[in-house]
Amino acid sequence: MNIKSFLIFGTILATPVSCLAEEFSISFEWGDIKKCTTGYPNKVSNPIFTLNNVPKGTKFIKFKMKDKNAPSFNHGGGKIEYFGENVIEPGAFIYKSPCPPSGTHTYEWTVTAQSKKSGGKLAVAKARKEYP
């Protein structure tokens with residue numbers, strides 16, 4: 001192997017995997033949920049999620065929402081079986097809606113791609129938005 005080949009090969013080995021493949025990411029829209037600003041959330045269907053670059057081998061996707069302004073409140077989430085779809089429509093699971101008691105809060109969804117129902121974490125993606 002000459003020095004040029006050695007340098008090219010070394011550069012390829014040193015390239016982070018994240019540069020070679022796009023990362024798992026999500027976005028969401030609140031959709032048509034009942035407006036809530038009382039601090040007492042409603043039980044509602046999930047938002048519309050758009051999934052990008054779901055890892056190969058994903059069999060289940062777990063969703064969890066957190067109020068960044070009140071992180072101890074459990075809004076819940078859900079877990080669904082994954083069949084290759086890029087959009088998760090409302091009705092896949094029920095959770096406690098965003099419902100800040102005053103002003104605007106920031107809510108963050110954490111979505112975990114899993115190889116099996118009880119774990120096997122493959123990747124995690126997060127997205128946040130303000131409400132209302």
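**Figure 1. Asn-46 in the loop between β2 and β3.** In this predicted model, Asn-46 sits in the loop that runs between β2 and β3 (48-52), and with a relative accessible area of 1% this asparagine is buried. A polar atom of the Asn-46 side chain lies 2.7 Å from the backbone nitrogen of Ala-92.

**Figure 2. His-75 and its surroundings.** His-75 is placed in the loop between β4 and β5 (77-81), where a relative accessible area of 3% marks the histidine as buried. The His-75 side chain reaches the backbone oxygen of Lys-96 at a distance of 2.8 Å. Apart from residues up to four places away in sequence, His-75 touches Pro-41, Met-65, Asp-67, Tyr-95, Lys-96, Ser-97, Pro-98 and Tyr-107.

**Figure 3. The disulfide between Cys-36 and Cys-99.** The chain has one disulfide, which joins Cys-36 to Cys-99 with an S to S distance of 1.9 Å. Cys-36 belongs to the loop between β1 (25-29) and β2 (43-45), while Cys-99 belongs to the loop between β7 (94-96) and β8 (105-116), and the pair therefore ties together parts that are 63 residues apart in sequence. Because the torsion about the S-S bond of Cys-36 and Cys-99 is about -65°, the disulfide is left-handed. Both partners count as buried, Cys-36 having a relative accessible area of 4% and Cys-99 one of 5%. A disulfide is, in general, a covalent bond between the sulfur atoms of two cysteines.

**Figure 4. Thr-112 in strand β8.** Thr-112 is part of strand β8 and, at 10% relative accessibility, counts as buried. Although Thr-112 and Ile-61 are 51 residues apart in sequence, their C-alpha atoms are 5.6 Å apart in space. Leaving out residues up to four places away in sequence, Thr-112 touches Phe-60, Ile-61, Lys-62, Lys-121, Ala-123 and Val-124.

**Figure 5. The largest nonpolar core.** This core has 27 residues, and those with the most contacts inside it are Phe-24, Ile-26, Trp-30, Phe-49, Leu-51, Phe-63 and Trp-109. The elements that contribute two or more residues to the core are β1, β3, β4 (60-67), β8 and β9 (119-131). In soluble globular proteins, nonpolar side chains tend to be buried together.

Figure 6. Most residues other than glycine have a negative phi, and most peptide bonds are trans. Asn-53, which is not a glycine, has a positive phi of about 55°; this asparagine is found in the loop between β3 and β4 and, at 38% relative accessibility, counts as partly exposed. A cis peptide bond joins Tyr-131 and Pro-132, with omega at about -10°, and Pro-132 itself lies in the segment after β9.

**Figure 7. The whole chain and the confidence of the prediction.** The chain has two helices and nine strands, which follow one another along the sequence in the pattern α-α-β-β-β-β-β-β-β-β-β. Of its 132 residues, 34% count as buried, and the chain exposes about 8,300 Å², of which carbon and sulfur atoms supply 54%. Among the contacts with a separation of 6 or more, 67% are accounted for by residues 24 or more positions apart. The pLDDT of the chain averages 89, and 84% of the residues score at least 70. Over residues 5-18, however, the pLDDT is below 50, and this stretch has three contacts in the model beyond near neighbours in sequence.

How values were computed. Residues are numbered from 1 along each chain as its sequence is written. This is a predicted model: local features need pLDDT of at least 70, side-chain atom pairs count only at pLDDT 80 or more; totals for chains, interfaces and linings use all residues. Side-chain values use heavy atoms; hydrogens and water are left out. Helices (H or I, at least four residues) and strands (E, at least two) are DSSP runs, numbered from the N terminus. Buried means under 20% relative accessible area, exposed over 50%, partly exposed in between (1.4 Å probe, protein chains only). Contact means heavy atoms within 4.5 Å. Accessible areas come from the Shrake-Rupley method with a 1.4 Å probe; for residues, only the protein chains shown count as cover. A disulfide is a pair of cysteine sulfur atoms within 2.5 Å. A polar contact is a pair of N or O atoms within 3.5 Å; within protein, one must be able to donate a hydrogen and the other to accept it, and residues adjacent in sequence count only if both atoms are side-chain atoms. A nonpolar core is a set of buried Ala, Val, Leu, Ile, Met, Phe, Trp, Tyr and Cys residues joined through side-chain atoms within 4.5 Å. pLDDT is the predictor's confidence in each residue, from 0 to 100.
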